[in-house]
Amino acid sequence: MRVFFIGFGQAGGKIVDMFIEQDRRSGTQSFRGIAVNTARTDLMGLKHIELKDRILIGQTVVKGHGVGTDNVMGAKITADEIDSIINAIDTRGTHDVDAFVLIAGLGGGTGSGGSPVLARHLKRIYREPVYSLGIIPAPEEGRLYSYNAARSLSTLVNESDNTFIFDNSAWKNEGESVRSAYERLNDEIVRRFGVLFRAGEVGKSGVGEMVVDSSEIINTLRGGGITSIGYATSEVISPRTKQKQGIFGGLKGSLKKKEGTEEVLIGEDKSAKIIALVRRAMLGRLTLPCDYSTAERALVLMAGPAEEMDRKGVEKSKSWVEENIAGVEVRGGDYPVDSNKVAAVVVLATIGDAPRIRELLEIAKETKEDVIKSKERRSTMFDEGIEPLFD
Ligand SMILES: Nc1nc2c(ncn2[C@@H]2O[C@H](COP(=O)(O)OP(=O)(O)OP(=O)(O)O)[C@@H](O)[C@H]2O)c(=O)[nH]1
Ligand SMILES: [Mg+2]
């Protein structure tokens, strides 16, 4: 799908920078991206987003030094300078875009406050869906970050067509600080969402067995609310590689390769392998740990060498996912990429329960006692009455 990314704040900018790099490397040219920030040094630190696509806002207020975790100020600056942000987006071209994706760390000031404001305006102006990818802070970052994230999130979910969540605390290792883990976490984010967002684009590796186009992604996300993503990969020994290596001749269809504790089969066991991979993706660590059985819709995506793709495998995986989620709408497909791995992504759309979201909202409620009821909500998860960032 053709995605226009907007990285808001430092985390958002860095992640969009990586998506742009990934897109250049893969040669699909399906991504376009800009970074918006109140801090000049953060923008200067980016590597792949062109200089003209790095937009500094709030210069008259904070002189390029950032808003220092004040997300109300982040929201205000964004609202005041919304015309120049929209203008920058327009200038980059939006006619061939399938969706906008806003990315921000929700615990700070700029991205946390600014992304819901921008989502609201983009939705008013463009017909294409506006999705957000919100990164939620780990508890160790402190209550202020959780409070910021909870307020931003409830507003963001209302303003976006769907909100993907990545939970930093679920992804950092025991004993590792969140900060030192950023690079690794960003890599995990871009790998997963890269498989999802590149779906439907025809690369140099050709078309899939069961083509999935952007409308299927859009329909999966139609319910709004919060969405979590599962991902798993396995190595392949493709016939091509075998020939090249010249040592596996004659074993086609029965060759096995050990990957971790799992035996990976090729040849006639293609569909069994795909089902196993999809199960691992959905039952493993999700971007937002949640009860998958509460998901309203799902999308199963496979990416890998063309000879590894299998329609039956995708169909069977879809049925398995359908048996395990609340809703009955499960879509699926595959697309070839030039890789020595097969990747499966399971999109669990519009989930009904996630412990970390509840916890975040609880912290925010305790932190702010004079809570007011938010007027309009899409997600039942926000029935806790957290004060929104703006009305
Ligand atoms: N996964 C990940 N999370 C990050 C990264 N950088 C920051 N975060 C998270 O995002 C939150 C917000 O941080 P920033 O993106 O630096 O904040 P900002 O939007 O620039 O806002 P201000 O600096 O306060 O103006 C932090 O509390 C972290 O939870 C990163 O590189 N990767
Ligand atoms: Mg910053």
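Helices (H or I, at least four residues) and strands (E, at least two) are DSSP runs, numbered from the N terminus. The model is predicted: local features need pLDDT of at least 70, side-chain atom pairs count only at pLDDT 80 or more, and totals for chains, interfaces and linings use all residues. Residues are numbered from 1 along each chain as its sequence is written, while chains are lettered from A and ligands numbered from 1 in the order in which they are written.

**Exercise 1.** Find which helix gives the most to the shell around ligand 1.

Solution. Start with the residues near the ligand (C-beta atom, placed from the backbone, within 6 Å). There are 26 around ligand 1, and Gly9, Gly105, Gly107, Gly108 and Gly109 come nearest. Next, list the elements that each supply at least two: helix 1 (9-26), strand 4 (99-105), helix 6 (110-125) and helix 9 (178-197). Helix 1 gives the most, four residues.

**Exercise 2.** Determine how helix 1 and helix 6 are oriented to each other.

Solution. Take the axes (lines fitted to C-alpha atoms over the stretch in contact, with angles from 0 to 180 degrees between N-to-C directions). The two helices pack at about 75°, their axes 6 Å apart. Helix 1 and helix 6 are therefore roughly perpendicular (65 to 115 degrees). In the contact (C-beta atoms, placed from the backbone, within 7 Å), helix 1 uses Gly9, Ala11 and Gly12, and helix 6 uses Thr110, Gly111 and Gly114.

How values were computed:
Parallel < 35°, antiparallel > 145°, perpendicular 65-115°, else oblique. Contact = placed C-beta atoms within 7 Å.
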